[in-house]
Amino acid sequence: MAALFSGSAAFAQIHKDASAGLRKDSSVVSRTYNLNPIVVTGSGHHQRLKSTSTPVRVLSSQEISEQGITTFDGVLTRMMPQASMAPNSMGTFLRLNGLGNKYILILVNGQKLSGDISNNVDLNRINMSRVKRIEVLDGAASSLYGSDAIAGVINIITDQPTQQLISVMSDTRVSGHGQFTESVNLDIYKNGFGSYTSFTHDRANSYQTTDLEYVKGSEGETQRTIAPLFTGYRSNIVGQKFTYALDQHLALNAGFNYSYKITDRPNTHPDITGGTDYEMRYKGFRWNVGGIYKFSSRNSLQADFTVDRFRYGKEYDVETKTNAIGDYVQSKKQRMMEGQLKAILGLSAHSTTIFGADWRNDYLMATSGNIDQSAYTLAAYAQHEMRLVKDLTATLGLRLTHHETFNDHLTPKVTLMYAPGSFRFRATYSAGFRAPGLDELYYHYFSVNRGKAQISFGNRDLKPEKSHYFSLNAEYRTQLLAVSITGFLNRINDMVVKQNVPVDDATRMMLMKEFPEMTQDQADKMVSYALYQNSDKGDVKGMQVNVSANIFEGFNLSANYVYTYARTKSGDEWTVLERSMRHAATVAANYHHAWGKYGLNVNLNGRLQSKTYYTGTYEDAPGFGLWNLHTTHTFDCAKWAMLEPSIGIDNLFNKVDRRIDSSTRKYALYSPGRMLVVGLKVKFK
């Protein structure tokens, strides 16, 4: 996604470089921590973090690099305690504040990242070598961002240098279990024209933490398995973007991104369970054009158009009765087309007004689900932020969304911020809205797993999911210390879930007519089928504490804690929300010192979390604490070259979940154990 460029981001880049007063070039040996960066996600326009009326968490590229992280899921799990991941061959199941993938809106420079695999996000599409910062907005944000923004918004801001004539950068990272990442960037900027080319190769081997599983139906009997806990893969990302600033008023941009990924799982074996006949293959292609015209420093008009295509399927590496080695069977193809128009206006000295309009068309073709459908969305929104009296700012926002299937829906937002001196006190109410996906509406799915028929139906009578988000925030922020405490409540109505519908004789006859390929024996063994329904309510409440301090020159300490109590109600019964956890924290201590042209950076970081809750017959996963040590050594060799080797240890204390696999067991910790990590970054400029 690094190939995509928002026109407004170009001016924001220049503005930040000029106003921050900090040297940001990665070749500079000395480093400074900025506790008050420029952000855009909370309010929809660029402003200092302490000036936003909605709390936003910022993860900078400097912090990410210091922790030795090269993957997007690594960033969130190591630096965001409210986020958790469950990787598998179908992508990554992401949770934010207790709520899953479909409630989290992921943006790249303000444009939606589309494409999922069975509701699992393909995070390998994100090129971390181009990330400038990641902004995370918790809670409902549909007044600005529309459907899906119920749990929160993750906006990935990419970097585009505007000072150097030409630069080449290579970044390599190697660690255990075949984990290898190589990124190469070529940047050219001259006379307002910028060209930014990138290539990233990423791969990892499958691994287990135990090679045993319980035999189904037995009393504690075990057998060997080759089923991996973590599924290996190989992926490539190619990106290109062009920017052109005609003058101080007009900037244009265009870019594309191509991604390819294929899993690397053990093949089926006649004497041991856990292998597969095929690999999952994913391809994505995304392109974007846009521009911004600045009438003045506080008045601008921005337009963007994005097309995002994503498809995946099965590529056979074992010959079967129906498929030869190399055969590809497509499972799902998705396409999103989106046009955005936004005006940011400073109508008075102490106000900012935003007017915007969005059009989006989503298309889905799923062979396994018998879907070939599309739906469009039209939206108009307005937001007005103004200073009422000294130190008191109010923001009012409203979005009207028209969905092809669900007609019209309003999502308001109201915030108040009282800002005396270095303190900030914020109160927020915002509404969330999520239109059911095309799969939830039209799914007509049949498959056979180990001789048992599995059937799922969509439901065209579904209603949109709606949420109400409330938060109170208190913050103290200076250049040396930032402390933020937030209490929140997120209530969701009409949650769309898959419910099991009991099967009787009449139902079996109906199902056999719907799916003629189903045999009588398979029908007789069915006890239920799945149907999407609006049946649940969600209730997520909690508290976040974030602290970051420049303790003394060269030493920074940050700590983040979140308490989350997430429940769901089906009928009259409240149950814990699947995969949620009550307590989680991330900690990072970073020391940097420079001696002439050599700089040493030492980073110790950790994630601690309590047990992860699972529902039904699944047992809860135990809590854990993971600690990582990473050192970076910067050599500013010459005016035209920088060398940065790094070495570290992931999972210092070798924390591993070695429980024996079973049909009732799921995991929260996916680490294979202690690993040495070695890297080398080289930059020519």
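Trainee: Where does Asp159 lie?
Mentor: Asp159 lies in the loop between S11 and strand S12, which spans 166-175. Keep in mind that this is a predicted model.

Trainee: Is Asp159 buried or partly exposed?
Mentor: Asp159 counts as partly exposed, because its relative accessibility is 21% and buried means under 20%.

Trainee: And how many residues apart in sequence are Asp159 and Gln609?
Mentor: Asp159 and Gln609 are 450 residues apart in sequence, and their C-alpha atoms are 32 Å apart in space.

Trainee: Let's zoom out. How many helices and strands does the protein chain have?
Mentor: There are seven helices and 38 strands in the protein chain.

Trainee: What percentage of the residues is buried?
Mentor: Buried residues account for 55% of the 685. As for contacts, take those between residues at least 6 apart in sequence: 64% of them join residues at least 24 apart.

Trainee: And the surface and charges, what do they come to?
Mentor: The accessible surface is about 28800 Å², with 57% of that belonging to carbon and sulfur atoms. The chain carries 75 positive and 63 negative side chains, and the centres of those two sets lie 6 Å apart.

Trainee: Now the inside. Which residues have the most contacts in the largest nonpolar core?
Mentor: Those are Phe72, Leu76 and Ile134, in a core of 37 residues. Elements that each supply at least two residues of this core include helix H3 (72-79), strand S10 (131-138) and strand S30 (481-502). The largest share, four residues, comes from H3. As background, nonpolar side chains tend to be buried together in soluble globular proteins.

Trainee: How many residues of H3 are buried?
Mentor: Six of the eight, so H3 is mostly covered. The buried ones are Phe72, Gly74, Val75, Leu76, Arg78 and Met79.

Trainee: What does Ile134 touch?
Mentor: Leaving out residues up to four places away in sequence, Ile134 touches Arg57, Val58, Leu59, Ile64, Phe72, Val75, Met128, Ile154 and Asn155. There is also a second, separate core of 15 residues, and among them are Leu107, Ala149, Val153 and Tyr381.

Trainee: Switching to backbone angles: what is phi of Asn97?
Mentor: Phi of Asn97 is near 50°, a positive value in a residue other than glycine. Most residues other than glycine have a negative phi. Asn97 sits in the loop between S5 and S6, and Asn97 is buried, with a relative accessible area of 6%.

Trainee: How about phi of Asn109?
Mentor: Phi of Asn109 is positive too, near 55°. Asn109 is in the loop between S6 and strand S7 (111-112), and counts as buried at 5% relative accessibility.

Trainee: Last one, Leu680. Where is Leu680 found, and what does it touch?
Mentor: Leu680 is found in strand S38, residues 675-684. Not counting residues up to four places away in sequence, Leu680 touches Ser170, Asp171, Thr172, Leu643, Glu644, Pro645 and Ser646. Leu680 is partly exposed, with a relative accessible area of 38%.

Notes: Residues are numbered from 1 along each chain as its sequence is written. This is a predicted model: local features need pLDDT of at least 70, side-chain atom pairs count only at pLDDT 80 or more; totals for chains, interfaces and linings use all residues. Side-chain values use heavy atoms; hydrogens and water are left out. Buried means under 20% relative accessible area, exposed over 50%, partly exposed in between (1.4 Å probe, protein chains only). Contact means heavy atoms within 4.5 Å. Accessible areas come from the Shrake-Rupley method with a 1.4 Å probe; for residues, only the protein chains shown count as cover. Lys and Arg count as positive and Asp and Glu as negative; His and the chain ends are not counted. The place of a charge is taken as NZ of Lys, CZ of Arg, CG of Asp or CD of Glu. A nonpolar core is a set of buried Ala, Val, Leu, Ile, Met, Phe, Trp, Tyr and Cys residues joined through side-chain atoms within 4.5 Å.
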